[in-house]
Amino acid sequence: MGLLRSLAMLFLLILLSWLLEIRSQSINHAQDLDQLLQDYAFRAFVRPKTGVPYDGVVPSNLTGIKIAAMRLRSGSLKRRGVLMYKEFEILPGVMESPYVERLVLVYHNLGNWSTMYYPLTGYSYLTPVLGLLAYSAANLSATNLPELEIRALGDPIKIKFPEVRSAPDGSVVHCVWYDRHGIANFTDVVSGNVCSTTQQGHFAIVVESVAPSPAPVSPGEGKKSNSRVWIIVGSVLGGLALLLLLAFLLLWMRKYKHKKRMQRMENAAEAGEALRMTTVGDTKAPSATLTRTQPTIESEYVP
């Protein structure tokens, strides 16, 4: 029973590590996209004017994604904010960390690539994923720049989604915010199409997925369904039988190794010189097989 429990725990650990690996790959995939889009967004700057958004062009293999870049003075962003930058309304009181004199706000609209880079199990997207990331503007030719952290100290930043697909009746919609580590955080929708945030990241409106109602099953389909059930049951029983066989094999190997070890110990003990046992009174004691030199009479040496 303990062995079966250990095997089950081992299987769960392997499954958990596999899921974590998939999650890690998804996060790294999105971070790689951010770095690539930062490069292409900065290319839109030729003779940039402060406070003016410039649309960038993505590579052909990412057609459908929209990007833009806008250079700002740090002090101006804090004092006046940005009335409207695409779908983002940035009110006064936003600060960046670490401090830079000028910064660039890069805008993402992932369009039909949203679910690929930000898969969200159990939810459906009603809007594309929109991103707002901040970078230093000290070198507009730089690539792979680290992100700055921006935070709204006063009123939050608002994201106004122009088009939101209708949700199923009775369902509740949520705003989802992905932080720099790709972790999803859920908040309430401010109104029908507005989300709010105090930090940068990627945003969308989602609804919890509803499982479709089972369709009526015809007699023929019922037989197929039963056959699939038996196949699943057979697979489960076969797996359990394989686990039991493996458990018995491990137990047999353990006993075999124990027997061989005991046999080696016995052989090692028998390889030593055995002493003959003799009885002394009511007890037995070992005695030497050789005897001392027999005494001789002195007269035997006299000629």
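**Salt bridges**

Aspartate 39 is buried, at a relative accessible area of 17% (buried means under 20%, exposed over 50%, partly exposed in between, with a 1.4 Å probe and protein chains only). The model is predicted: local features need pLDDT of at least 70, side-chain atom pairs count only at pLDDT 80 or more, and totals for chains, interfaces and linings use all residues. Residues are numbered from 1 along each chain as its sequence is written, and side-chain values use heavy atoms, with hydrogens and water left out.

- Four salt bridges are found in the whole structure (a side-chain nitrogen of Lys or Arg within 4 Å of a carboxyl oxygen of Asp or Glu).
- One of them joins aspartate 39 to arginine 43, at 3.1 Å from N to O.
- Glutamate 89 pairs with lysine 160, their closest N and O atoms being 3.1 Å apart.
- Glutamate 89 lies in strand E4 and lysine 160 in strand E10 (residues 157–160), so this pair ties together parts 71 residues apart in sequence (strands are DSSP runs of E, at least two residues, numbered from the N terminus).
- Glutamate 89 is buried at 15% relative accessibility, whereas lysine 160 is partly exposed at 35%.

**Disulfide**

- The structure holds one disulfide (a pair of cysteine sulfur atoms within 2.5 Å).
- This disulfide links cysteine 175 and cysteine 195, with 2.0 Å from S to S.
- Cysteine 175 is buried, with a relative accessible area of 2%.
- Cysteine 195 is buried, with a relative accessible area of 2%.

How values were computed. Helices (H or I, at least four residues) and strands (E, at least two) are DSSP runs, numbered from the N terminus.
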